[in-house]
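Trainee: I would like to go through the terms used for this model and see what each one rests on.
Mentor: Go ahead, and ask for the value behind each word.

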Amino acid sequence: MASASSTLVFFSLLAIPFAVVQIAMAGDPDIVSDFLIPPNATTFDGSFFTFTGMRALVGAQPPSALKVSKASAAEFPALIGQSVSYAVLQFPAGTTNPPHVHPRSAELLFLADGSLQVGFVDTTNKLFTQTLQAGDMFIFPKGLVHFQYNADAQNTALAISAFGSASAGTVSHPTTGLFATSIDDNILVLAFKTDVATIQALKAGLAPKNI
């Protein structure tokens, strides 16, 4: 039976990302021009609207750890004011993108290759999970804690995420505060309105891997 202190720790840690979201839940501001040109831009032609940063992924060897390649306002200034950005997520076998939040945008994930277990927790602490196959899409609502897990011990997975913000932001939730803890499974089951099998799968996915 879990102690009362464990229960208190769990709910205290769960509240962290929602507190952050309440502070940072602001979308991209509207602009009054077609696009914005940074003051330090040296050239302004078709190349300004072109991002070549993903070329390095083509034909490259799979990474040994989770790799997230972003095309956001920081990497691609032409996105400023356009309320859109992308990320490519490469999952080696058995790896996890731990619980995190995007405070300024929902995330629409397209699974291009492999399989992924995904999920998010809503504001009533209900956990929604799904196993995706290549070709599937999944939406993570704006500002909610979510994760992705490649449970396949042999094969990699590749996903592409679209965001409705040029700078969606990422607030990582300490993995020690959710599923990768010694908190009793039954407490997690009640908190997330799910079952023991799901909780144990999430704990397995968030456990440290020797990769």
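Trainee: How many bridges join β3 to strand β8, and in which sense do the two run?
Mentor: This is a predicted model, and in it three bridges join β3 to β8 (residues 145–149), with the strands antiparallel. Strands pair if there are at least two bridges between them, so β3 and β8 count as paired on their three.

Trainee: What is the order of the strands in the open sheet of five?
Mentor: The order is β6-β5-β8-β3-β10, and the pairing is antiparallel.

Trainee: What makes β6 and β10 edge strands?
Mentor: β6 (127–133) and β10 (171–172) each have a single partner strand, so one side of each has no neighbour in the sheet.

Trainee: How do you know that β5 and β6 pair?
Mentor: Strand β5 (residues 115–121) and β6 share seven bridges in the antiparallel sense. The cut-off is at least two bridges, so the pair qualifies. Within it, Q117 stands opposite T131 in β6. The two strands form a hairpin, with five residues between them.

Trainee: Why is A157 called buried?
Mentor: A157 has 3% relative accessibility, which is under 20%, so A157 is buried. A157 lies in strand β9. Leaving aside neighbours within four places in sequence, the contacts of A157 are L89, Q90, F91, L111, D113, G114, S115, L116 and N150.

Trainee: How far apart are A157 and G94 in sequence and in space?
Mentor: They are 63 residues apart in sequence and 9.6 Å apart in space, taken from C-alpha to C-alpha.

Trainee: What makes N97 a buried residue, and what does N97 touch?
Mentor: N97 has a relative accessible area of 11%, which is under 20%, so N97 is buried. N97 lies in strand β3. Not counting residues up to four places away in sequence, N97 touches L66, L89, F91, F147 and Q148.

Trainee: Why is the aromatic pair of F35 and F44 called tilted?
Mentor: The ring centres are 5.5 Å apart, and the planes make an angle of 45 degrees. Rings pair if their centres lie within 6.5 Å, so these two qualify. The structure has nine aromatic pairs, and F35, F44, F48 and F49 form one aromatic cluster.

Trainee: Are F35 and F44 buried, exposed or partly exposed?
Mentor: F35 has a relative accessible area of 30% and is partly exposed. F44, at 43%, also counts as partly exposed.

Trainee: What is the volume of the largest pocket, and which residues lie nearest its centre?
Mentor: The volume is about 340 Å³. The lining has 23 residues, of which V68, K70, H102, F163 and T170 lie nearest the centre. The elements that give two or more residues to this lining are β1 (67–71), β2 (85–91), β3 (96–101) and β9 (157–163).

Trainee: How do the residues of that lining divide by type?
Mentor: There are 10 nonpolar, 11 polar and two charged residues in the lining of the largest pocket.

Trainee: What share of contacts in the chain joins residues at least 24 apart?
Mentor: Among contacts between residues at least 6 apart in sequence, the share is 74%. The chain itself has three helices and 10 strands, and 38% of its 211 residues count as buried.

Definitions and conventions:
Residues are numbered from 1 along each chain as its sequence is written. This is a predicted model: local features need pLDDT of at least 70, side-chain atom pairs count only at pLDDT 80 or more; totals for chains, interfaces and linings use all residues. Side-chain values use heavy atoms; hydrogens and water are left out. On a 1 Å grid over the protein atoms alone, a cavity is a set of points where a 1.4 Å probe fits but cannot get out, and a pocket is an open set with protein on both sides within 12 Å along at least five of seven lines; lining residues have an atom within 4 Å of a point. Grid points are joined across faces, edges and corners, and a volume is the space filled by probe spheres set on the points. Helices (H or I, at least four residues) and strands (E, at least two) are DSSP runs, numbered from the N terminus. Ala, Val, Leu, Ile, Met, Phe, Trp, Tyr, Cys and Pro count as nonpolar, Asp, Glu, Lys and Arg as charged, and the others, Gly among them, as polar. Buried means under 20% relative accessible area, exposed over 50%, partly exposed in between (1.4 Å probe, protein chains only). Contact means heavy atoms within 4.5 Å. Rings of Phe, Tyr and Trp (its six-membered ring) pair if their centres lie within 6.5 Å; planes under 30 degrees apart count as stacked, over 60 as edge-to-face and the rest as tilted.
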